[in-house]
Amino acid sequence: MIIPLYDTTANEVADKLVSVRREGGAVALSRVLTLLVPVGAAAAEDAIKATNHASMEHPCRVIVLVERDPGAAPALDAEIRVGGDAGASEVVVLRLRGTTADHLDSVVTPLLLPDVPIVTWWPDTMPTCPSTSPLGRVADRRVTDSRLAEGPVAERLAQLRACYAPGDTDLAWTRLTWWRAHLAAILDQPPYEVVTRVVIYGHDEHPSPDLLAAWLGWKLHCPVRLIRGAVTLTRVDLERPSGTVTIERPDGSDMADLTLPGAARQRFPLPRRPVADCLSEELRRLDPDPVYGRVLADGLDWIMAPGRLEEVVSEATIPLVTRSATGPAEGRTA
């Protein structure tokens, strides 16, 4: 059900929400957080779909703020979405015109749920400094996506690092969760050898390979070779005295191959994660992510020291090597 409210105020929207919850018993569910979503008009519906998916695990009040007609007279239109149009949440879409969009924190204040955490997610932009932005100041957690920002990867990561505050996180880091889990599981198994070098094959415009390089180099205290090309994160090599351990996920595949020295190749699922899944993960933890903060600070420091990071930029598709279970290595192109 979608309830439109035209030329309204935030207080009127809040009053309407109360009446809707009183009238609909199924709507009166416990809400575990308030999710603020500032987004452009073109990406608004996709963002709402992602929040609806995440709400199945985290029932919440979603407040979507869409700026329209900056030069128009100040005004506010709203939609209240409940039931099948809102997943397990209640979604409030605020369409702000004119200078109304200059006071986002004041607009959302009457709509915030009491005594629950506040999370702000920027699905299509990245503010210069999330923690000091109007919606970042009121939030306990701030979720950005540096993959969508403009400029070189190094500049985007430097921006996140310079303005980092506890409670910040980035979906470029969240997308690495399963890669990190598999790599950590490998290192927890014998032989317990020192990793002498890490090689990462990744996209030249995505920050996830850089964050993975910073994490592995910092934690393993070894040099990192980062090979960039026109593909996603496809492969990680851990070089050890007994041989190289490889996790390889060909571009376009949701299955990965694990190659261990002297062992048969193993296949396991390693699917690409949609935004909705990454958002759900971030909403599971409403405390700061200390590892992400250390990677931005200490990890980037580690790989930026002379001799610790070797970058290879390739305009062509990266040639990968896949070892068969019984035969020699064979060249292949992702």
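His221 counts as exposed, at 55% relative accessibility. The model is a predicted one. His221 sits in the loop between helix H8 (208–220) and strand S10 (224–229). Its phi is positive, about 55°, although His221 is not a glycine.

Asp115 also has a positive phi, of about 60°, and is not a glycine either. Asp115 belongs to the loop between helix H3 (104–108) and strand S6 (118–121). With a relative accessible area of 82%, Asp115 is exposed, because exposed means over 50%. A further backbone feature is the peptide bond from Pro190 to Pro191, which is cis, with omega near 0°. Pro191 is placed in the loop between helix H7 (177–187) and strand S9 (197–203).

## Packing of H7 and H8

Two of the helices named above, H7 and H8, have axes that come within 12 Å and cross at roughly 25°. Angles under 35 degrees count as roughly parallel, so H7 is roughly parallel to H8. The crossing of H7 and H8 is right-handed.

Which residues make the contact? On the H7 side they are Arg180, Leu183 and Leu187, and on the H8 side Leu212, Trp215, Leu216 and Leu220. By class, the residues of this contact are 6 nonpolar, no polar and 1 charged. Arg counts as charged, whereas Leu and Trp count as nonpolar; the charged member is therefore Arg180 of H7.

The spacing of such contacts can be read against helix geometry. An α-helix has 3.6 residues a turn, so residues three or four places apart point the same way.

## Burial of H9

Is helix H9 (residues 275–284) largely enclosed or largely open? Of its 10 residues, 7 are buried, so H9 is largely enclosed by the rest of the structure. The buried residues of H9 are Ala276, Cys278, Leu279, Ser280, Glu281, Glu282 and Leu283. The list includes Glu281 and Glu282, and Glu is counted as charged. Ser280 is another of the buried residues of H9.

## Aromatic pairs

How many aromatic pairs does a search of the whole structure find? The search finds 2. In one of them, the ring centres of Tyr164 and Tyr292 are 6.0 Å apart and the planes stand at 65°, so the pair is edge-to-face. This pair links distant parts of the chain, 128 residues apart: Tyr164 is in the loop between helix H5 (153–162) and strand S8 (168–170), and Tyr292 is in helix H10 (residues 290–304). Tyr164 counts as partly exposed, at 26% relative accessibility, while Tyr292 is buried, with a relative accessible area of 1%.

The rings of Trp173 and Tyr292 also pair, with centres 6.1 Å apart and planes at 45°, so this pair is tilted. Here too distant parts of the chain are linked: Trp173 is in helix H6 (residues 171–174) and Tyr292 in helix H10, 119 residues apart. Trp173 counts as buried, at 2% relative accessibility.

Tyr292 takes part in the pair with Tyr164 and in the pair with Trp173.

Note on methods:
Residues numbered from 1 in each chain as written. Predicted model: local features only at pLDDT ≥ 70, side-chain atom pairs only at ≥ 80, totals over all residues. Heavy atoms only, no water. Helix = DSSP H or I, 4+ residues; strand = E, 2+ residues; numbered from the N terminus. Buried < 20%, exposed > 50% of the residue type's maximum accessible area, 1.4 Å probe, protein only. Axes fitted to C-alpha atoms, helices over the stretch in contact; angles between N-to-C directions. Parallel < 35°, antiparallel > 145°, perpendicular 65-115°, else oblique. Left-handed = near helix turned anticlockwise from the far one by under 90°. Contact = heavy atoms within 4.5 Å. Phe/Tyr/Trp six-rings, centres within 6.5 Å; stacked < 30°, edge-to-face > 60°.
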